[in-house]
Amino acid sequence: MGILESLFGPSREKQMEELVKQSSMEYTMYPDQQFLEILEDFNVFQEGNKRQVKHLFSIQDENKVSVKIFDYKYTTRNSKRTTDHWQTVVVLTASDLSLAHFRIYSKHAFSGLEKFFGGQDIDISYDEAFNEKFIVRSVYPDDIHHHLNPTFRNYMIESLDVDLEAMNYFIVLNINSLLKCHVDQYEAYYFHIFKIYEALKSK
């Protein structure tokens, strides 16, 4: 064991090695970075530069609904220093979705990405509990209310705090920090985004 490992614990790479042994998902340490080009319209992938995906876990069910969980890095600069920002992102892709572009995030959570998201706040006054907990923004305010069905709203109220963006056949969860390398955390977010997908399909 090296000095750094004795002080700070094993590196993320070593932790990932253990996670891979426990997980049933497919794993790629350095996936094809062209993957980001497909997602470039999502706000989480528009801040900073030197964007990189690493430690990608993926799974696809019999209906070809796929979920990817990965570490994501981008770099920002100011006059004094360069800073790397790491966080975990979860992406679900399903061909049976057709979603207007919208974003939902907890009211108490601040995100610098807000400046990258146009549109307007959407009033969900018909659901007071949902409206108190979340901000909904969209450039298509008249098109998203049918997505926010009762099943979806009820699940979101009871779920983990989220920063969610959806468009076309993608749902993206920005966790805003790195997940710990515990299989239960990765499984929890897999089931979380899958339940969001099922709720959005409800009538």
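View 1. At 37% relative accessibility, Lys 201 counts as partly exposed (buried is under 20% relative accessible area, exposed is over 50%, and partly exposed is in between, using a 1.4 Å probe and protein chains only). This is a predicted model, so local features need pLDDT of at least 70 and side-chain atom pairs count only at pLDDT 80 or more, while totals for chains, interfaces and linings use all residues. Residues are numbered from 1 along each chain as its sequence is written, and side-chain values use heavy atoms, leaving out hydrogens and water. Asp 96 is partly exposed too, at 43%. The two side chains form a salt bridge, 2.9 Å from N to O (a side-chain nitrogen of Lys or Arg within 4 Å of a carboxyl oxygen of Asp or Glu). Lys 201 sits in helix H6 and Asp 96 in the loop between strands E4 (82-93) and E5 (99-106), so the pair ties together parts 105 residues apart in sequence. Helices (H or I, at least four residues) and strands (E, at least two) are DSSP runs, numbered from the N terminus.

**View 2. Glu 13 meets Lys 54.** Here the salt bridge spans 2.6 Å, N to O. Glu 13 belongs to helix H2 (residues 12-22) and Lys 54 to strand E2 (residues 49-60), so parts 41 residues apart get tied together. Glu 13 is partly exposed at 27%, whereas Lys 54 is buried at 12%.

**View 3. Arg 153 with Asp 127.** Their side chains meet in a salt bridge at 2.7 Å, N to O. Arg 153 is buried, at 11%, and Asp 127 is buried as well, at 12%.

**View 4. Buried residues of helix H6.** H6 covers residues 183-201. Its buried residues include Tyr 186, Tyr 190, Phe 194 and Leu 200.

Definitions and conventions: The expected span of a helix is 1.5 Å times one less than its number of residues.
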